[in-house]
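Please keep the sequence and the model in view while reading.

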Amino acid sequence: MHEFVRNTSIIARREFVAYFSTPLATVFLIIFIALTGAFAFYVGGFFERGQADLAPFFQYHPWLYLLLVPAVAMRLWAEERKSGTIELLMTLPISPWEAILGKFLAAWAFIGVALLLTLPMWITVNVLGNPDNGVILAGYVGSFLMAGAFLAVGSCISALTKNQVIAFIVAATLCFLLVMSGLELVLNVLRAWTPGFLVTAVSSMSFLSHFDRIAKGVLDLSSIVFYVSLIAFALFANRIFVELKKAD
Amino acid sequence: MAVLIEASDLEKRFGEILAVDGITLEVKRGEVLGFLGPNGAGKSTTMKMLTGFLEPDAGSARIAGIDVLDEPKQAKRQLGYLPEGAPCYGDMTARGFLTFIAEIRGFDRDEAKRRVAAAVEKTQLSSVLEQKIETLSKGFKRRVAIAQAILHDPQVLIMDEPTDGLDPNQKHQVRRLIADMAADKAIIVSTHILEEVEAVCSRAVIINRGRIVADGTAEDLMRRLPYHNTIAMHVPAGRAEAVAKALSEFAAVAKVETVGTANGRVRLRALPHAGAPIPSELASLIRARLIEAEEVHVERGNLDEVFRQITTSDAGTSHA
């Protein structure tokens, strides 16, 4: 157990530092902060609403993550396979789980840094009024969990290809479907020709519906379980894909 | 001597292609095994199975007595591996990368520092230690990857083309490094540079189409050449017959062949009885008695010829 934690954290540390050794980190962080701000202020009407909360800020996170998280995830395994370092990594005395979890946690921590850099939003709203900080905290936790789910899907797809662009496009498409599955638009189409339980199943897979509930301050167990189990499932698939494709 | 690398009946199939078709070999402590074969013969695939990177479809591999499939972590601890193309994390500095490897190998901070310093000294990397690996020349990159493989002073070292793409000086350095480490390790070196086998390997295995087609010392392999240890010479065309007759009277000589005529001179070749080396005195005797002969020398053949002969003659009969 001790060894597992040790190895995972060594892998995670290396990965995390790797983000900052290229311009990727800077570019990502600037764009993330600019876009979250722009959406909250211009599209969400942060000031015009006249309410002291961060709802217009969190509201657009699923759509932002749709593009930005696959960009963080795409290199995790694709680059490793392309450069051949996967052969080095997998012949070190570590287990595949330590490598997969270490990489995932590093990328998740990186997104965590991006989220932390939006704290001025929280400060602003506290200066301007008296928001319910519990709701805001729930929003951050929900947003971080949702990012983790996007990320696990992206990491899993990244293990399937050597090409980072393909990894990005496929992961973004999958994430798009996961977000869209909660929209009435999609559900109505399904309702016309599928049994009711399937519609419920599809809508319960939606990132949007789960995130909406959390962002409203309802940090309910089912949403947390949803994101956590999605992460677990995607990482499990990731493990299988790494094993299947490492030698290609 | 302890057997440190064992492969038994390793098999690996990629789709329709049988890449490795039943390879069995043992490498003992103190041995440096040269792994030869044409491109695509299955060298790298075999090494990937030995190191536990690839799972064999059949057969097993043991490193220092530990099965790589049953106890992968334990086996990998005993192993230093230089993968083909010497991949490293290009975005890290050489020091950062080696420190990462030392940490993942379980050394604490001080020990990691000491290990990195020792590996850096052996591979002469100190001048580029703070540079990003992706900015290094091919030779330095290769040496970083070698440093990574020897950092924990493993009992078993498996290196896939360690001198590929290096200049002659760097090749010499790497070979000397391998030779220096050879005494207390079991080493496998794959290569298609045959002079390398003569330079560092105590044994050579040639594989073709996934099977071992030859196994022995460099000398053993060269003995398989039909013209190994023959004596060749040039004589003026008019004297050729007389010289050939004189040669065939020596007890050690089994046969005299005329190889060809050029510029009024005939090239003769004296073959010894099977396997028996022609004593060097014979060569001097010839020089003394047949003054007209020029360029008398013993043909040893070279590994390139053995390699070509074995890997092409086998092609027609191979079942793969």
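## Helices 3 and 4 of chain B

In this predicted model, helix 3 of chain B and helix 4 (residues 109-123) of chain B have axes that come within 9 Å and cross at roughly 125 degrees. Helix 3 of chain B and helix 4 of chain B are therefore oblique to each other. The crossing in which helix 3 of chain B passes helix 4 of chain B is right-handed.

Helix 3 of chain B contributes B:Arg95, B:Leu98, B:Thr99, B:Ala102 and B:Glu103 to this contact, while helix 4 of chain B contributes B:Ala112, B:Arg115, B:Val116 and B:Ala119. Sorted by class, the residues of the contact of helix 3 of chain B with helix 4 of chain B comprise 5 nonpolar, 1 polar and 3 charged.

## The contact between the chains

Between the two chains, the contact draws 18 residues from chain A and 20 residues from chain B. On the side of chain B that touches chain A, helix 2 (72-77) and helix 3 (94-104) of chain B each supply at least two residues. That side of chain B holds 9 nonpolar, 4 polar and 7 charged residues.

## The open sheet of chain B

Chain B has an open sheet of 6 strands with mixed pairing, in the order 6-7-8-3-9-10. Its edge strands, each pairing on one side only, are strand 6 (79-82) and strand 10 (211-216) of chain B. From one strand to the next, the twist averages 15 degrees.

Strand 3 (residues 32-36) and strand 8 (residues 186-190) of chain B pair in the parallel sense, with 4 bridges. In this pairing, B:Val32 has B:Ile187 of strand 8 of chain B as its bridge partner. Helix 5 (residues 138-150) of chain B packs on the sheet and touches strand 6 and strand 7 (156-160) of chain B; the direction of helix 5 makes about 165 degrees with that of strand 6 of chain B.

## Antiparallel pairing around strand 1 of chain B

Strand 1 (residues 3-14) of chain B pairs with strand 2 (residues 17-28) of chain B in the antiparallel sense over 9 bridges. Within this pair, B:Asp21 in strand 2 of chain B stands opposite B:Glu11. Strand 1 and strand 2 of chain B form a hairpin with 2 residues between them, and B:Gly15 in the turn has a positive phi of about 60 degrees.

Strand 1 of chain B also pairs with strand 4 (residues 58-63) of chain B, in the antiparallel sense and over 5 bridges. Here the bridge partner of B:Ile5 is B:Ile63 in strand 4 of chain B.

## Chain A

The secondary structure of chain A consists of 14 helices and 0 strands. Along its principal axes, the C-alpha trace of chain A spans about 55 × 50 × 35 Å.

Helix 9 (residues 133-158) and helix 10 (residues 164-180) of chain A have axes that come within 9 Å and cross at roughly 140 degrees. This angle makes helix 9 of chain A oblique to helix 10 of chain A. Helix 9 of chain A passes helix 10 of chain A in a right-handed crossing. In their contact, A:Phe150, A:Val153, A:Gly154, A:Ile157 and A:Ser158 of helix 9 of chain A meet A:Ala167, A:Val170, A:Ala171, A:Leu174 and A:Cys175 of helix 10 of chain A. The contact of helix 9 of chain A with helix 10 of chain A has 8 nonpolar, 2 polar and no charged residues.

Key. Residues numbered from 1 in each chain as written. Chains lettered and ligands numbered in written order. Predicted model: local features only at pLDDT ≥ 70, side-chain atom pairs only at ≥ 80, totals over all residues. Pairing = 2+ DSSP bridges. Axes fitted to C-alpha atoms, helices over the stretch in contact; angles between N-to-C directions. Contact = placed C-beta atoms within 7 Å. Parallel < 35°, antiparallel > 145°, perpendicular 65-115°, else oblique. Left-handed = near helix turned anticlockwise from the far one by under 90°. Nonpolar A, V, L, I, M, F, W, Y, C, P; charged D, E, K, R; others polar.
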